[in-house]
Amino acid sequence: MTEFPRPDVTDTSRTFWDALNEGRLVFQECEQQHRWLPARDFCPNCLSDQFKYVNAAGRAKLLSWVVYNSAMNDAFKEQVPYNVALVQLEEGPKMMTNILAPNDELKADMDLQLEIVNQDNFKLAKFKPILK
Ligand SMILES: [Zn+2]
């Protein structure tokens, strides 16, 4: 079996990945309350390098997605067709992820809940629909 590709954990992103391993999704926030993902050494809005990490509550909305009908990496062969989605956390930052739902049930603006999943002993932040 082909192993899943692993994120490149750098000095910049280590806090993000360590938090996920502890069951928390974190984003960065500068002194002017700009918030962002993925991890950077400075605020993409005001370029400040003064920031803190904040725990996300875990709620988000689905902004957009694509469905892959062929695997770009052999490790994903058995998951085809799978989605890759852009979601926006209720705190503001946007992130790429997967939605844990059938692709034909995805709807723009649907409410989502964080679900941290284990993939080859590496924790990833995914989302599932909040059923009403
Ligand atoms: Zn800023």
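I started just past α1, where G23 takes a positive phi of about 90°. My helices (H or I, at least four residues) and strands (E, at least two) are DSSP runs, numbered from the N terminus. A note on ground rules: this is a predicted model, where local features need pLDDT of at least 70 and side-chain atom pairs count only at pLDDT 80 or more, while totals for chains, interfaces and linings use all residues. Residues are numbered from 1 along each chain as its sequence is written, and side-chain values use heavy atoms, with hydrogens and water left out.

**The helix itself**

Next I stepped back into α1, residues 14-21, and found F16, W17, A19 and L20 buried. I call a residue buried under 20% relative accessible area, exposed over 50%, and partly exposed in between, with a 1.4 Å probe and protein chains only. As a reminder to myself, an α-helix has 3.6 residues a turn, so residues three or four places apart point the same way. What covers the buried residues of α1? The cover includes β1, β7 and β8, with contact meaning heavy atoms within 4.5 Å.

**The zinc site**

Then I went to the metal. Which residues coordinate the zinc ion? I found C30 (SG), H34 (ND1), C43 (SG) and C46 (SG), at 2.1 to 2.3 Å. Donors here are N, O and S atoms within 2.8 Å of the metal (3.2 Å for Na, K and Ca), and water is not among the atoms, so sites may look incomplete. Along the chain, the donors are spaced as C-x3-H-x8-C-x2-C.

C30 counts as buried at 3% relative accessibility, and C43 is buried at 0%.

**The sheet**

I followed β1 into an open sheet of three strands, ordered β2-β1-β3 with antiparallel pairing. Its edge strands are β2 and β3, each pairing on one side only. β1 and β2 pair in the antiparallel sense over two bridges; two strands pair if DSSP finds at least two bridges between them. Q28 stands opposite W36 in β2.

I finished with the loops. The peptide bond from L37 to P38 is cis, with omega near -10°, and P38 belongs to the loop between β2 and β3. L47 lies in the loop between β2 and β3, and has a positive phi of about 65° although it is not a glycine. Is L47 buried or exposed? At 58% relative accessibility, L47 counts as exposed.

Further along, the V80 to P81 peptide bond is cis, with omega near -5°; P81 is in the loop between β4 (59-68) and β5 (82-89). D120, in the loop between β7 (111-119) and β8 (122-129), has a positive phi of about 55° although it is not a glycine. D120 counts as partly exposed, at 28% relative accessibility.
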